[in-house]
Amino acid sequence: MINCIAIDDEPLALALLKDNISKVPFLKLVAACSDAFEAMEALRKNPVDLVFSDIQMPGLSGFQFVSSLQQKPMVIFITAYNQYAVDSFDLDVVDYLVKPVSLERFIKACHRARERHEWKAAKPVAADKNAPDHFFANVDYSQLKIRFDDILWMKGYGDYIKFHLKGQEQPLLVRMRFKELESILPPNKFLRIHKSYAVALAEITAIRKNSLFLGDQEFSIGEAYREAVEKWMRSGG
């Protein structure tokens, strides 16, 4: 079971939220609060895994409330305004729902929370000490050793791929197709985000709308790869 609280300053909206929560079998509502201060007291008294919160509330907004928490539970924002969506994901929220929310959409958000909850609860798998930390690639008629930890990002050009490596201003041009590359790269270290791009997961600094960032470098997220990016985000990154 996932223990949760609901926060909304509008009585009708709070009542609807409570009703929706009651329809999800793996959720247990431990408190229904009319403002963020009441929610703080509820969190002090009860162990909570998930918070459903409105954003615009008197006294303390949903953003301010979530930002103030030292130990953050999972958060799903439910609001009448869509302009806060991008900023909300800077808080690593599970989902952002715009009122009126259908029961189907609400349940989908709850399943995302359960996926993240189960991932966090799962026992970490020990790293395979025998797994290779490098591969050899064809570069200028030679077999060049490339360490996975040195790779920042890659861009495909038909039969070639440019590897952008740490500490090197110029990319390394390797004769290789993306299909072959994907069979080599450790899936726990790299993510393909576009038909032409793959990036090192450890180097990702931000995700906003249709873009992903490695520091100041911006990459477009391809439509076909959006679900994979979202799944990685829901897993905790």
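In this predicted model, Leu 173 has a relative accessibility of 43% and therefore counts as partly exposed, since that class lies between the limits of 20% and 50%. Leu 173 is placed in strand S10, which comprises residues 172-175, and together with Tyr 157 and Tyr 160 it makes a nonpolar surface patch of about 280 Å².

Helix H1 was examined next. Within H1, the residues Ala 13, Leu 14, Leu 17, Asn 20 and Ile 21 are buried. When the helix is viewed down its axis, these buried residues fall within an arc of 125 degrees, so they line one face of H1. The face turned away from this buried side carries Pro 11, Leu 12 and Ser 22, which are exposed.

Charged side chains were then considered. Side chains of opposite charge can pair when their charged atoms come close, and in this structure the count comes to 13 salt bridges. One of these joins Asp 19 to Lys 23, with the closest N and O atoms 2.5 Å apart. Asp 19 is partly exposed, its relative accessible area being 36%, and Lys 23, at 42% relative accessibility, likewise counts as partly exposed.

A further salt bridge is formed between Asp 95 and Arg 112, whose closest N and O atoms are 3.1 Å apart. This pair links distant parts of the chain, as Asp 95 belongs to strand S5 (residues 95-98) and Arg 112 to helix H5, the two being 17 residues apart. With a relative accessibility of 2%, Asp 95 counts as buried, and Arg 112 is also buried, with a relative accessible area of 16%, because the limit for this class is under 20%. Asp 95 and Arg 112 take part, along with Arg 105 and Glu 230, in a network of salt bridges.

Finally, the side chains of Glu 223 and Arg 226 meet in a salt bridge with an N to O distance of 3.0 Å. Glu 223 has a relative accessibility of 63% and so counts as exposed.

Technical notes: Residues numbered from 1 in each chain as written. Predicted model: local features only at pLDDT ≥ 70, side-chain atom pairs only at ≥ 80, totals over all residues. Heavy atoms only, no water. Buried < 20%, exposed > 50% of the residue type's maximum accessible area, 1.4 Å probe, protein only. Helix = DSSP H or I, 4+ residues; strand = E, 2+ residues; numbered from the N terminus. Arc of directions from axis to C-beta. Patch = residues over 30% accessible without salt bridge, like charges linked within 9 Å, V, L, I, M, F, W, Y side chains within 5 Å. Areas by Shrake-Rupley, 256 points an atom, 1.4 Å probe, with all protein chains shown as cover. Salt bridge = Lys/Arg side-chain N within 4 Å of Asp/Glu carboxyl O.
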